[in-house]
Amino acid sequence: MSRFRSVWSRVAPWAAQNADGAIALILAVVVGVLGILPDDMFGAPPKGDKVQQQLVSAATLVILALVATALLRDRARQAPVEETITSGALADLPVRLARLDEIDGLVAGTRKALDALQLVRVLGSRQEIAQAHAEARKDTTRWSFRGGTGTYLRAVTLPECVAAARRVKRHLTVRIEIVDPTNAEVCETYAHYRRSLSDAPDGTGETWTTDRVRKESYATILAAFWHRQRYGLLDIGVGLSATMTTFRWDLSATRLIMTVEDPNRAMTALAGTFFYENCDTELRLSFEQARRVPLEKYKKVPLSDEPTVEEVQDLFEQIGVPLPRSYNEHDVVDIARKALRALNPYAG
């Protein structure tokens, strides 16, 4: 008895919630049973047969009615849910999707900005700066420089980039912007700026004077012509600026390096970052505004492996950047030495 009660306590709630289905199921079973019972159980034929058919027909109608009732009830229950979904969540779905797209775009932009900021790295030693320059020179096909006189460019960057390109017969594009050696005002301004930071000799053993600024710039121009005449795949340009900058930009195909007068401090950024791309644009526009040295005349002013005084003097006359009349043979030799055997100002 207790077992029956236990079973009934479990079945009763289900039967109450699904009364129409339960009744339809029971009637279906009854109809099935009536269909297989012998005809003589309902009386002598044909009366028994008629009674059996009436019972089956009546039960079938009741089952159909219960099924229809169940369907109508389920539809009535689903209508509010469908209306809620259609008018609520589904109606707001386009707006929600648009907001998700906006959030995704914001997240992607933020991540890109953070990545760009992380790739602007501060270098804190001579060794780090030298390593960054070496990585920038490796396999590069282009180099842009903007700064004072290009001393380090002549001593290290230009000869090593040209040598690396020549080994694999690779095209190399170089753009150089330095102070105009014929502009006494900018040369004096640059020399005064360098002396104000330190009046001690730099890595070359020299102090900064107006005359040194002028000679260093002349030397960079001479070096550009000398390398252009010796490597046919070198596309080099030199621009002369009437203003000075406190930064030095060195930009290769893979990275940017910005240095200042402190030999132990610099910034670097990899290609593809926001900082790199904007500095690349800055260098391009600045070079276009500078006075251009006519490097296309390199064939008209041939230079020996060790340029003579006459060759150097003729070169600067031909390109419209004449040497000062006060310069003697010693000054011209000094310019040639700085051009082809420049000392690394950051060595040691």
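In which strand is isoleucine 236 found? Isoleucine 236 lies in strand β4, which spans residues 234–241. The views below come from a predicted model, in which local features need pLDDT of at least 70, side-chain atom pairs count only at pLDDT 80 or more, and totals for chains, interfaces and linings use all residues. Residues are numbered from 1 along each chain as its sequence is written, and side-chain values use heavy atoms, with hydrogens and water left out.

**Figure 1. The chain and its secondary structure.** The chain holds ten helices and eight strands; helices (H or I, at least four residues) and strands (E, at least two) are DSSP runs, numbered from the N terminus. Of its 348 residues, 37% are buried, where buried means under 20% relative accessible area, exposed over 50%, and partly exposed in between (1.4 Å probe, protein chains only). A contact means heavy atoms within 4.5 Å. Among contacts between residues at least 6 apart in sequence, 71% join residues at least 24 apart.

**Figure 2. Isoleucine 236 in strand β4.** Isoleucine 236 has a relative accessible area of 6% and therefore counts as buried. Leaving aside residues up to four places away in sequence, isoleucine 236 touches Leu158, Val174, Arg175, Ile176, Ala224, Arg228 and Leu295. Phenylalanine 225 is eleven residues from isoleucine 236 in sequence, and their C-alpha atoms are 8.5 Å apart.

**Figure 3. The largest nonpolar core.** A nonpolar core is a set of buried Ala, Val, Leu, Ile, Met, Phe, Trp, Tyr and Cys residues joined through side-chain atoms within 4.5 Å. The largest share, eight residues, comes from α7. Valine 238 has contacts that include Ile176, Ile221, Phe287 and Leu295. In soluble globular proteins, nonpolar side chains tend to be buried together.

**Figure 4. Threonine 259 in strand β6.** Strand β6 covers residues 255–259. Threonine 259 is buried because its relative accessible area is 8%. Beyond residues up to four places away in sequence, threonine 259 touches Ile129, His133, Thr246, Phe247, Arg248, Arg265 and Ala266.

Figure 5. A search of the whole structure finds zero disulfides, a disulfide being a pair of cysteine sulfur atoms within 2.5 Å.
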